[in-house]
Amino acid sequence: RPCGARCPIRRPFLRAAVAAMRILVAVKRVVDYAVKVRVRADKAAVELKNTKMSMNPFCEIALEEAVRLKEKKIASEVVAVSIGPKEAQETLRTALAIGADKAIHVTTTLRPDQELQPLATAKVLGKVVDQVDPSLVLMGKQSIDSDASQTGQMLAGLLGWPQATFASEIEIQDGAMSVTREVDSGLSTIKLSTPAVVTCDLRLNEPRYATLPNIMKARKKPMDTIKIEDTGVDVTPRLKVLSVEEPAQRQAGEKVGSVEELVEKL
Amino acid sequence: MLGVTRRACGRLGHRGLTLTRVRPNNYFPVRYFCDEGIQDPRDQPRESMEYDVVIVGGGPAGLSAAIQIMNSGLAKEGEGVSVCVVEKGAEIGSHILSGNVFDPIALNELIPDWREKEAPLNTSVSQDKFYLLSETGAIPCPIPPTLQNHGNYIISLGDLTKWLSEQAEELGVEIYPGFAASELLYDKDGSVVGIATRDVGISKQGQVKDTFTRGIELRAKQTLLAEGARGSLSEEAIEKYDLRKGKDVQSYGLGVKEVWEIDESKAKPGLVMHTVGWPTPKDTYAGSFLYQMEPNLVLCGYVVGLDYQNPNISPYQEFQKWKHHPKVKEMLEGGRCVSYGARVINEGGYQAIPKLTFPGGALLGCAAGFVNIARIKGSHCAIKSGIEAGKAVVEFLESENTQVNGIELKTYQTQMENSWVFEELKQVRNIHPAFKKFGFYMFMLYSALETFILKGRGWWTFRNTISDADKTGKLKDHPAIEYPKPDGKISFDLLTNLQRSGTYHDDDQPSHLVVKDHLQSVPVDVSYAEYGGPESKFCPAKVYEYITEDDGSNPRLQINAQNCLHCKTCSIKTPKEFIRWTVPEGGGGPQYSGM
C-alpha cells in the first residue's frame, strides 16, 4: 500500500466500547522549558551539552490524559513510546512513574530537535502503532524545540485515521469520542470514531507529580528497545538546517518628553 | 491592607485552625485550608519506605558517603545495603555552586582510579596570582603557602558531582533528584529515624489542589545530612540536639559567581587569581576569585563576609563593580557571560564545627562546616567527611546494634577529629577571626605570620560568639553606597543576570521563605526602620522588596520567593534572623550547569 496507509475500514462505535481500549502516548525528550537556551559557537545548532532535558510539556499533558482515562476505566492500558538517544529512557521511566504500563524506546543517533524530522517520526510511530495496536494515539500538539506541530497530523494521515488537534477537552462515553479543539476563532467540538489520533493542548489538564514510590516501581515496569534501523523506515533528513542564530538584541527604548515628540518620531 | 478571610475545614478541629486574616504576600507561615466537608489530605498518614541509610543532599559529601558504603564488603555480600539519596534540585548538580580549585587528596582515597574513570579534572593549576587592588592598580603579593595550588585542578564542582552520582548509581545507590526533604522524623525517645519529603500540590493561598500529593517517609537506621552550608534540616538538628554547645557561632560569606566564555586565543587555562582590597571598603571581609578552565572558560566570583556592618552593602553590586577593574576587565572583554549563581560558604572554621553526630544521624560536609577559609577550599574536606561517615555507617551496620534506634556514629566523630581535615582547619583557625580583631592591614601581616611561620602553633584561639545578623550596624551609623549602573557588557543588572541561573519555582505554591511566627513585626519595625531593609540589598535574587506608598509611607515587605537561588543568606543576615528558610517543592530553584 502506498505510504503505509491504513485500510480505511472504521471500527463501529459499539465495538470500541466492548474492546479494551489501549492508548499509545508518544513522548519526546526536549530541552527543559525553563532553561535559557544558547546557540553553539559553530551556529549549527543549539547547545545541548550539559543542558537540562525533560519531557515536552505537551507530551506530559497527553500522558496525564491517558492515565486519567485509565483511572476512569475507559482505557485498559497505556503504552508510552519515545524516539531518541539512550537518555530518552529517563523520559520513559518518568512516563512509567506517572502511570504508563509499558514503554517502548526507539533508539536513534539523530538529533531529535533537528535531524529527526516530523515525517520520519510519524512513519516510525506508524510502525509502532502497527505493533501496539492502540485505539487512541495521544500526543502533544507540538514539541518546544522544533515547534513544528506536524507529527500528529502526519501520523493520522499516514494511518488514514481521523485526527483532532489542539484538544482542550476529550470526552469518551459509550464508545463515542468527542473532542473540543482550541482554534483561532474559538472552540470547535468534533465527534470522532476510533481508532484516532488526538494532539493535546495546554488547557486539557494539569499533569500530576510523579511520586517517589511510583518512580521506584517504574524501574520494574517493562521497557522494550527497538533500533530505528530495524523499523525499515527511511529517516534521512529531508530538510537541512543552514544556521541557528540568537534573536536580534532588543534595541534600547527611548523615553520621549511629550506626546508631540512621540508623534514627531513616529 | 486587610486580606481575605477563609473558612477553616470542618474536620480540622484538632489542628486548632480558626479564621485567620491572610495577608496576600505570603507573610505568614502557611495555614492549609480546604472546602467544608472534604477531609484535609494532609491528615492522611504518609506512605513509608525503609532503607539502611538515607542521605539528604546529592552533593560531594552525600555522594561520597554513599559510594564509600557501597564499596564496602558488607554491601557486596548477601542482601547488600540499601542507600537512598534525596536531592531537592531538579538534577544532581543543579544546586551545586563553587569556585572551584580542587585538591584531589580525598578523591584519591575514595576512587583511586578516578583518572581511568574519566572524572572531570581536566585543567591543572599552572599559575597562582594574588593581588591587592586599588581602583586602577594592582599590587602583586607573595602567595602564602595556603594558597599555593600546585597539584590541584580547576574544575566545575557541579560536573564532578554529576560524575560522582554516576559512580554511585553504578554501585546501586538509589538517587532521587526533585524530592525535597522537609521534615526530620523522630522516634518517641527523640532520636532521628528518617526524613519525610514535602507535600506538593498546595496553592499559593494554602488550598489543596487536584495535583496534591502527600510526601512520603523514608525511614532509615542512619540519616546523613549533607545539605550544604546552612542546610534547613541540618540547622534543625543542630538546634534540637544543641550540637553547637561550647562552639563558636557559625559565620558565613556570600559568594556570587559567574561563568564566562572568552575568546580561545585570549584564554589562559590553569590561571588562579585571587584579589583583596578594591572595591569593598577595608572594614569588610571580602575578596574575589578568578579561575580559567579549559577550553575558554573564566570562572569568576566575589565573596563578602556576612559579618559586614554597613547595612547598605550589596555583595552582588560589589561583584559587578570589581569586574570593571582593569586586571579583570581585560580578561572578560569581548566574552559572554553564560551562567550566574550565588551560595553562602562557611567561614567559622575550626572553632565553629559543631558536634558531628546525633542520635540516629550525622552532619556531613558543609552542613557541618569544614571549609578552610585560608585555602578557600572545602570540597576535599566534604568528600573526606563522606568517606569517614560511610566507614562509620558500615561499622554500625555490621555491629549488633542495628535494631536499636538512636545510635550515634561515634567513630565518625573520632575519625574526623584525628584526620587531616581537623588538622588542616586547626592550623588556620586564627586567620579569619584576625580580620575583625586587627583591621585590614594588620590582618594581612598577621595572616602572613600565621601562614608562613606560626602555622597555628600559637597557644591562642580567637573566638566568635556573635551571629552575623547581630553584627549589622544601624542605617544611621553608616554611609550610603552609590553603586555604578551596569553597562550590560561587563556588568549586568541583577534581574537580567538572574535568568542565567535558570532559577524557577512553580508559581502556585506557598512561599518557602517564611517570616518566623514570633518575629512578625520585625521586617517593618526593625529591619526597614532601623537598618534600611538589608535583605533588599544583599539578596542575590531580588527576592525581598520593601514596597511603600508614593510618599514613602506604609512600608511592607514583599517576598518574591519564585526568584530564590537557595543561597540561604536571608536565614543568616536578616535582622534577628527573621526569615526561616524552608524547602520549596522539589525540582525548583536554580538549574546550574557547569557551576
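Helices and strands are named here as DSSP runs, a helix having at least four residues and a strand at least two, numbered from the N terminus. In those terms, D147(A) lies in the loop between β6 and α5 (151-159) of chain A.

Chain A has seven helices and 11 strands. Its C-alpha trace spans about 70 × 45 × 40 Å along the principal axes. Of the 266 residues in chain A, 47% are buried. When contacts in chain A between residues at least 6 apart in sequence are considered, 73% of them join residues at least 24 apart.

The confidence of the prediction can be followed along this chain. Chain A has a mean pLDDT of 89, and 93% of its residues reach 70 or more. Residues 1-5 of chain A stay under 50, and the model gives this stretch three contacts beyond four places in sequence. Residues 14-19 of chain A are also below 50, with four contacts in the model beyond near neighbours in sequence. Where pLDDT is low, the predicted coordinates should not be read in detail.

Next come some features of the backbone in chain A. D147(A) is not a glycine, yet its phi is positive, about 50°. With a relative accessibility of 43%, D147(A) counts as partly exposed. D133(A), also not a glycine, has a positive phi of about 60°. The loop that holds D133(A) runs between α4 (118-132) and β6 (136-140) of chain A. A cis peptide bond, with omega near 0°, leads from T194(A) to P195(A). P195(A) sits in the loop between β9 (186-192) and β10 (196-200) of chain A.

Chain B has a cis peptide bond as well, from E294(B) to P295(B), with omega near -15°. P295(B) is in the loop between β18 (286-293) and β19 of chain B. The loop between β19 (297-305) and α6 (315-322) of chain B holds Y308(B). Y308(B) counts as buried because its relative accessibility is 0%. Apart from residues up to four places away in sequence, Y308(B) touches T284(B), I313(B), K471(B), T472(B), F538(B) and K573(B). Between Y308(B) and V371(B) there are 63 residues of separation along the chain and 19 Å between C-alpha atoms.

The helices of chain B can be taken in turn. In α5 (residues 232-240) of chain B, the buried residues include S232(B), L233(B), S234(B), E235(B), A237(B) and I238(B). After α5(B) comes D242(B), with a positive phi near 50°.

Two packed helices are described by the angle between their axes and the distance between the axes. For α1 (residues 60-71) and α9 (residues 379-398) of chain B, the angle is about 35° and the axes are 7 Å apart. Their crossing is right-handed. On the α1(B) side the contact is made by P60(B), A61(B), S64(B), A65(B), Q68(B) and I69(B), while among the residues of α9(B) that take part are A382(B), G386(B), G390(B) and K391(B). By class, this contact of α1(B) with α9(B) has nine nonpolar, five polar and one charged residues.

Helix α9(B) also meets α11 (residues 420-427) of chain B, where the axes come within 10 Å and cross at roughly 145°. Here H380(B), C381(B) and K384(B) of α9(B) meet W420(B), V421(B) and E424(B) of α11(B). This contact has three nonpolar, one polar and two charged residues.

Further along chain B, I547(B) is in strand β24 (residues 544-547). I547(B) is partly exposed, with a relative accessible area of 31%. Beyond its neighbours within four places in sequence, I547(B) is in contact with N554(B), P555(B), R556(B) and Q558(B). From I547(B) to M416(B) the distance is 131 residues in sequence and 48 Å in space, C-alpha to C-alpha.

For C570(B) the nearest cysteine sulfur is that of C564(B), 6.2 Å away, and C570(B) is in no disulfide. A disulfide requires a pair of cysteine sulfur atoms within 2.5 Å. C570(B) counts as buried, because its relative accessibility is 6%.

How values were computed:
Residues are numbered from 1 along each chain as its sequence is written. Chains are lettered from A and ligands numbered from 1 in the order in which they are written. This is a predicted model: local features need pLDDT of at least 70, side-chain atom pairs count only at pLDDT 80 or more; totals for chains, interfaces and linings use all residues. Side-chain values use heavy atoms; hydrogens and water are left out. Axes are lines fitted to C-alpha atoms, for helices over the stretch in contact, and angles run from 0 to 180 degrees between N-to-C directions. A crossing is left-handed if the near helix is turned anticlockwise from the far one by less than a right angle, and right-handed if clockwise. Contact means heavy atoms within 4.5 Å. Ala, Val, Leu, Ile, Met, Phe, Trp, Tyr, Cys and Pro count as nonpolar, Asp, Glu, Lys and Arg as charged, and the others, Gly among them, as polar. Buried means under 20% relative accessible area, exposed over 50%, partly exposed in between (1.4 Å probe, protein chains only). pLDDT is the predictor's confidence in each residue, from 0 to 100.
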